[in-house]
Amino acid sequence: MSIKVCDAIMGSGKTESAITYMNEHPQQKFIYITPFLEEASRIKECCPHLHFAEPSDKLPQFKFSKSNHTASLIEAGRNIATTHQSFKFYTAETIQLIHDLGYTLIIDENVDVLEEYTIHPTDLKIMIASGYVYEEDGTYKIARDDYDGIAWKETIRILKSRTLIKFGDEKLGATIYFWSLPEDLISAFSQVFVLTYLFEGQSLCNFFNLNGMDYEYIGISHSRDGEYRFCESRDYLPAYTEHLSDMINIYDKGKLNQIGDSKFALSMSWFERAKSDRDQLKLNIYNFFHNVYRSTPLSQKMWGSFSKSENVLRGKGYSQGFVIFNSRATNKYRDRTVLAYCCNLFMNTNEKNFYYKNGITPDEDKYALSIMIQWLWRSAIRDGREISVYIPSKRMRTLLKEWISQVEQEYKIHNERTAA
């Protein structure tokens, strides 16, 4: 198995390169997973001779199960375009078919590999005693799948495709459980391509490192006739990156930013404890939208934060523009030009401690930056239009400024090297 990571900025041509690769290798079998439903349809349209299929949960012959339809398509050797969510529920039998038939996997964007799960330890003990689950070194796996009751129905369903990991943290004084992608869900493929940006800040990178799965970085070449291809060089950057600082106007004036000066201001825990500061932040957002950018239509304004903070920060005239802080799978907001990103991102503490305990040091700054940039790219900048953004967290604002400077410098170096 080989894993290739195409870590390239938005608009570089990652999807286009994948389409070129698939069309030029029709003898291979592909599973293409993406967070965008419309991207799955795009893959079908752009690779007509490969006859991609989208698994459905609306077909009675497969008991209205997307997993059953997926297994049938793979057994028939079909190429598949589907979503991240359905990919997480591939059973052991499906994974074995993937291995036997030599499929290639293309992952468009990051896949979350750990999801915290709440279950009472007593329930697990009963499931083990009943013979439905067995434990192996703190990992729970399914032993039999003929359960037809209600109490454990969802747990059994997920155990058919994912393992449950127990993680005890003495400092927290509690046992935490994570659903984890099984390693063989990736290793069953003959080849894996990951199309992403800022890979080192993402959970899939931690997953590869945790499981000792080697990967190599690849880049993109852009020919004069407009065709994109994967290549060894990682130098290519789209032309717009030369002017990122002109395209992204970061609001950095007056008192509106003072609220985010401390390192953990606007973090999830800050919202839980700082009521007076939350009220001030709400006033700041109102001021930014209604005074600083008074002339911009409300329909072009967008703001984001944690889901639990939405009601706290909602204000007159801008409430309808809320887009959750980690939104990535939508193009609905590409008309928005004035933005407010009102959160400070840190990894889930339990997940971070799990990685630390297993010898992996996650990059929290790249984690935060990758999520924020994906959110910004829901807006008009994805069409090359200028945007203005209020980022009250000093840490997040600094990360964005440093990233813009770095990307522009990389473009300059690449341009000079090409010219020479």
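First, the ground rules. The model is predicted, so local features need pLDDT of at least 70, side-chain atom pairs count only at pLDDT 80 or more, and totals for chains, interfaces and linings use all residues. Residues are numbered from 1 along each chain as its sequence is written, and side-chain values use heavy atoms, with hydrogens and water left out.

Let me start with the sheet. It is open, has seven strands and mixed pairing, and its order is S3-S2-S4-S10-S1-S11-S12. Strands here are DSSP runs of E, at least two residues; helices are runs of H or I, at least four; both are numbered from the N terminus. Two strands pair if DSSP finds at least two bridges between them. On this sheet the edges are S3 (80–83) and S12 (228–231), each pairing on one side only. From one strand to the next, the twist averages 25 degrees. Angles run from 0 to 180 degrees between N-to-C directions, with axes as lines fitted to C-alpha atoms, for helices over the stretch in contact.

Inside the sheet, take S2 (residues 29–34) and S4 (residues 103–108). They run parallel, joined by five bridges. Tyr32 stands opposite Ile106 in S4.

Two helices pack on this sheet. H1 (residues 14–24) touches S1 (2–7), S2, S4, S10 (191–196), S11 and S12. Contact means heavy atoms within 4.5 Å. The direction of H1 makes about 85 degrees with that of S12. H2 (residues 37–46) touches S2, S3 and S4, and its direction makes about 170 degrees with that of S3.

Is H1 enclosed or open? Eight of its eleven residues are buried, so H1 is largely enclosed by the rest of the structure. Buried means under 20% relative accessible area, exposed means over 50%, and partly exposed lies in between, with a 1.4 Å probe and protein chains only. The buried residues of H1 include Lys14, Ile19, Tyr21 and Met22.

Next, S15 (residues 338–341). Both of its faces are covered. Val338 and Ala340 are buried on one side, Leu339 and Tyr341 on the other. In a regular strand the side chains alternate between the two faces of the sheet. S15 pairs in the parallel sense with S14 (residues 301–304), over four bridges. There, Met302 has Leu339 as its bridge partner. S15 also pairs with S16 (residues 387–390), again in the parallel sense, over three bridges. Ala340 stands opposite Tyr390 in S16.

Now an antiparallel case. S6 (residues 133–136) and S7 (residues 139–142) are joined by four bridges. They form a hairpin with two residues between the strands. Glu136 stands opposite Thr139 in S7. In the turn, Asp137 has a positive phi of about 55 degrees.

Most residues other than glycine have a negative phi. Lys63 counts as exposed at 68% relative accessibility, and Phe64 counts as exposed at 53%.

On to pockets. A pocket is an open set of points on a 1 Å grid over the protein atoms alone, where a 1.4 Å probe fits, with protein on both sides within 12 Å along at least five of seven lines; lining residues have an atom within 4 Å of a point. Grid points are joined across faces, edges and corners, and a volume is the space filled by probe spheres set on the points.

The largest pocket has a volume of about 1,400 Å³. It has 43 lining residues, and the closest to its centre are Phe325, Asn326, Glu351, Tyr367 and Ile371. Elements giving two or more residues to this lining include H14 (349–357) and H15 (364–376).

The second largest pocket has a volume of about 730 Å³. Of its 28 lining residues, Thr91, Arg157, Leu159, Lys160 and Ser161 are the closest to its centre. H3 (66–75), H5 (92–101), S7 and H7 (153–159) each supply at least two lining residues.

Last, Ser221, in S11 (residues 216–222). Ser221 is partly exposed, at 30% relative accessible area. Leaving out residues up to four places away in sequence, Ser221 touches Glu227, Tyr228, Arg229 and Cys231.
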